[in-house]
Amino acid sequence: QLDLGRHFDISLTFFVRRSNSTTGICPLLLSESKLYCHCGAVRFEVWSSPDLHVFHCNCSICTKKQNHHFIVPKDNFKLLQGKENLTTYTFNTHAAKHTFCKTCGVQSFYTPRSNPDGYGVAPHCLDPGSVRSVTVERFCGEKWEESMEAHKTIRDMSKPNEDVQQKE
């Protein structure tokens with residue numbers, strides 16, 4: 001079991017899986033009051049399934065930040081306020097854009113290296129009741145290239161549903 005913080009209902013069950021499916025995604029609007037950093041300066045909304053598929057990565061930065069995230073397409077994300085309050089950190093390939101609030105330091109979302117056409121969203125920034133279930137998948141970021149080659153669906157997670165369904 002994985003504790004993603006006090007913001008989740010205690011009754012949520014977290015499963016560790018080694019596989020993924022992008023089928024069964026139904027849009028759910030998580031309104032502006034649902035997603036925000038600690039101080040509230042950065043607010044955004046996301047359309048996602050209420051059944052989250054969260055990645056637990058062990059790359060150097062995810063380990064230091066204890067980063068857990070679910071991926072959404074860019075079109076399913078809208079920054080509502082706080083653009084001027086965001087700062088970005090990059091390293092190594094500079095493909096991932098680690099954005100965080102300048103005031104409270106919370107990373108509510110970022111642009112992952114695996115999905116530059118989408119966002120990785122921190123599930124612990126959601127209010128209780130926003131999520132029906134969470135499945136956690138371990139991702140070996142220490143061997144990023146090998147893991148990306150072996151993972152058959154991660155890149156599809158930032159594609160609009162229509163694109164994914166057309167491939168199936």
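Arg113 is partly exposed, with 24% relative accessible area. On this scale, buried means under 20%, exposed means over 50%, and partly exposed lies in between (1.4 Å probe, protein chains only). The model is predicted, so local features need a pLDDT of at least 70, side-chain atom pairs count only at pLDDT 80 or more, and totals for chains, interfaces and linings use all residues. Residues are numbered from 1 along each chain as its sequence is written, and side-chain values use heavy atoms, with hydrogens and water left out.

Arg113 also takes part in a salt bridge, and its partner is Glu145. The closest N and O atoms of this pair are 2.8 Å apart. Glu145 sits in helix 2 (residues 144-150), while Arg113 sits in the loop between strand 9 (109-110) and strand 10. Glu145 is exposed, at 53% relative accessibility. A salt bridge here is a side-chain nitrogen of Lys or Arg within 4 Å of a carboxyl oxygen of Asp or Glu. Side chains of opposite charge can pair when their charged atoms come close.

The whole structure holds three salt bridges. One of them joins Arg132 to Asp51, with the closest N and O atoms 2.6 Å apart. Arg132 lies in the loop between strand 10 (118-121) and strand 11 (133-139), whereas Asp51 belongs to strand 4 (residues 51-57). This pair, too, links distant parts of the chain, 81 residues apart. Arg132 is exposed, at 54% relative accessibility. Asp51 is partly exposed, at 32%.

Another salt bridge forms between Asp117 and Lys159, whose closest N and O atoms are 2.5 Å apart.

The overall fold comes next. The protein contains three helices and 11 strands. Their order along the sequence is β-β-β-β-α-β-β-β-β-β-β-β-α-α. Helices (H or I, at least four residues) and strands (E, at least two) are DSSP runs, numbered from the N terminus. Of the 168 residues, 45% count as buried. Contact means heavy atoms within 4.5 Å. Among contacts between residues at least 6 apart in sequence, 65% join residues at least 24 apart. The accessible surface comes to about 9200 Å², and 50% of that belongs to carbon and sulfur atoms. These areas come from the Shrake-Rupley method with a 1.4 Å probe; for residues, only the protein chains shown count as cover.

The interior was examined through its nonpolar cores. A nonpolar core is a set of buried Ala, Val, Leu, Ile, Met, Phe, Trp, Tyr and Cys residues joined through side-chain atoms within 4.5 Å. The largest core has 19 residues, of which Phe44, Val46, Phe70 and Val121 touch the most other members. Strand 3 (43-47), strand 4, strand 5 (68-73), strand 10 and strand 11 each supply at least two residues of this core. Leaving aside neighbours within four places in sequence, Phe70 contacts residues including Val46, Leu52, His53, Tyr119 and Val121. Another core, of 11 residues, lies apart from the largest one, and Cys62, Trp144, Ile154 and Met157 are among its members.

Polar groups also occur in buried positions. His53, in strand 4, is buried with a relative accessible area of 12%. A polar contact of 2.6 Å joins the side chains of His53 and Glu137. A polar contact is a pair of N or O atoms within 3.5 Å; within protein, one must be able to donate a hydrogen and the other to accept it, and residues adjacent in sequence count only if both atoms are side-chain atoms. Ser49 occupies the loop between strand 3 and strand 4. Ser49 is buried, at 6% relative accessibility. A polar atom of the Ser49 side chain lies 3.0 Å from the backbone nitrogen of Asp51.
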